[in-house]
Amino acid sequence: MSRHVGLITVVVRDYDEALAWYTNVLGFSLVIDTPLSDTKRWVVIASENNGARLLLAKADGSAQEASIGNQTGGRVAFFLYSDDFTDDHAKMVRAGVRFLEEPRHEAYGSVAVFEDLYGNKWDLLELK
């Protein structure tokens, strides 16, 4: 039997604003956008190399709305791997991505923490 993580849920305020940000700013691609009801859609995006996919899930109710932008209690939630950290960092800065720190070079590679449009923390990361 083979297993792998197929989707990771990101709770969002609005499908279309999230889809626009992740595709236009981070360069993700739309994989699936299927209406499920008048208020729900199945929206899946993927990075260009089709690594882990993200399910954009619109918050339903106050408890879910409260988790938008803080799905991991303030810790880095997602890791965007790069094979050209310097170029990707520069492109993201030009696109208006808010980095929370200057790039750092650690034993494992180059890294900088940034926020998505909701405040979820991400690492832009190039491994050595």
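Colleague: What is the relative accessible area of D16?
Modeller: Quick background: this is a predicted model, where local features need pLDDT of at least 70, side-chain atom pairs count only at pLDDT 80 or more, and totals for chains, interfaces and linings use all residues. Buried means under 20% relative accessible area, exposed over 50%, and partly exposed in between (1.4 Å probe, protein chains only). D16 is partly exposed, at 45%.

Colleague: Which side chain meets R41 in a salt bridge?
Modeller: A salt bridge here is a side-chain nitrogen of Lys or Arg within 4 Å of a carboxyl oxygen of Asp or Glu. At 3.1 Å, N to O, the partner of R41 is D16.

Colleague: And how many residues apart are R41 and D16?
Modeller: Helices (H or I, at least four residues) and strands (E, at least two) are DSSP runs, numbered from the N terminus. R41 sits in strand 3, and D16 belongs to helix 1 (residues 15-24). The pair links distant parts of the chain, with a separation of 25 residues.

Colleague: Which residue forms a salt bridge with R98?
Modeller: The closest N and O atoms of this pair are 2.5 Å apart, and the partner is E115. R98 is in strand 6 (residues 98-99) and its partner in strand 8 (residues 109-115), so parts 17 residues apart in sequence are tied together.

Colleague: How many salt bridges does the whole structure hold?
Modeller: Another pair is R104 with E101, at 3.0 Å, N to O. There is also a network that links D16, D33 and R41. Searching the whole structure gives a count of seven.

Colleague: What radius of gyration does the chain have?
Modeller: The radius is taken over C-alpha atoms, and the globule rule is 2.2 Å times the number of residues to the power 0.38. For 128 residues, a compact globule would come out near 14 Å, which agrees with the chain's 15 Å.

Colleague: How far apart are the centres of domain 1 and domain 2?
Modeller: The bounds come from an automatic or database domain assignment, which gives domain 1 (1-68) and domain 2 (71-127). The contact (heavy atoms within 4.5 Å) takes 17 residues from domain 1 and 13 residues from domain 2. Taken over C-alpha atoms, the centres are separated by 19 Å.

Key:
Residues numbered from 1 in each chain as written. Heavy atoms only, no water.
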